[in-house]
Amino acid sequence: MTTPTSAVNWDLLLEHARAALSHAYVPYSKYPVGAAALTDDGRIISGCNVENASYGLTLCAECALVSSLHMSGGGLLAAFVCVDGAGEILMPCGRCRQLLYEFRAPGMQLMTVSGIRTMDQVLPDAFGPQHLEGQ
Ligand code: THU
């Protein structure tokens with residue numbers, strides 16, 4: 001079932017995303033990211049980025065968020081926001097849009113720098129699990 005935009009407490013989600021910033025491990029980029037999401041059963045989950053001396057192994061905040069989704073009971077993402085170190089809204093990177101796409105609830109919304117957008121708007125014509133069906 002689609003969560004209506006009006007049913008999402010975006011201020012609360014932003015609060016959780018900003019709170020997640022304080023857990024970020026970013027000795028290399030010094031660029032903390034905090035992410036938060038509302039699940040389709042009403043939980044709020046969050047995540048921060050965790051870097052690595054082998055730079056390419058860095059885990060984006062969305063990686064932690066998707067792990068938290070599963071650790072806290074699974075389900076799908078109804079609404080999502082991430083912020084930079086100043087607490088300002090940040091666009092999820094391309095790879096993370098794909099991570100989020102996998103676990104999107106129908107009509108999932110993202111708060112973006114251009115306003116509220118759907119997953120399909122930020123990752124049009126996406127590759128996804130549907131392409132692997134029947135393989
Ligand atoms: N980063 C995220 O955590 N999520 C994004 O969507 C964009 C980038 C992190 C990765 C790295 O720790 C830092 O931001 C700078 O690229």
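I started with helix α3: its buried residues pack against α2, β3 (77–83), β4 (104–112) and α4 (119–122), where contact means heavy atoms within 4.5 Å. Helices (H or I, at least four residues) and strands (E, at least two) are DSSP runs numbered from the N terminus. The model is predicted, so I kept to the rule that local features need pLDDT of at least 70 and side-chain atom pairs pLDDT 80 or more, while totals for chains, interfaces and linings use all residues. Numbering runs from 1 along each chain as its sequence is written, and side-chain values use heavy atoms, without hydrogens and water.

I listed the buried residues of α3 (residues 94–102) as Cys96, Arg97, Leu100 and Tyr101; buried means under 20% relative accessible area, exposed over 50%, and partly exposed in between (1.4 Å probe, protein chains only). Seen down the axis, they fall within an arc of 150°, so they line one face of the helix; the arc is taken from the directions from the helix axis to the C-beta atoms.

I then looked for aromatic pairs (ring centres of Phe, Tyr or the six-membered ring of Trp within 6.5 Å; planes under 30 degrees apart stacked, over 60 edge-to-face, the rest tilted). The count is 1. Tyr28 and Tyr55 form a tilted pair, 5.5 Å centre to centre with 50° between the planes. Tyr28 is in the loop between α1 (10–20) and β1 (34–39), and Tyr55 in the loop between β2 (44–48) and α2 (61–71), so the pair ties together parts 27 residues apart in sequence. Tyr28 is partly exposed at 37% relative accessibility, and Tyr55 is exposed at 60%.
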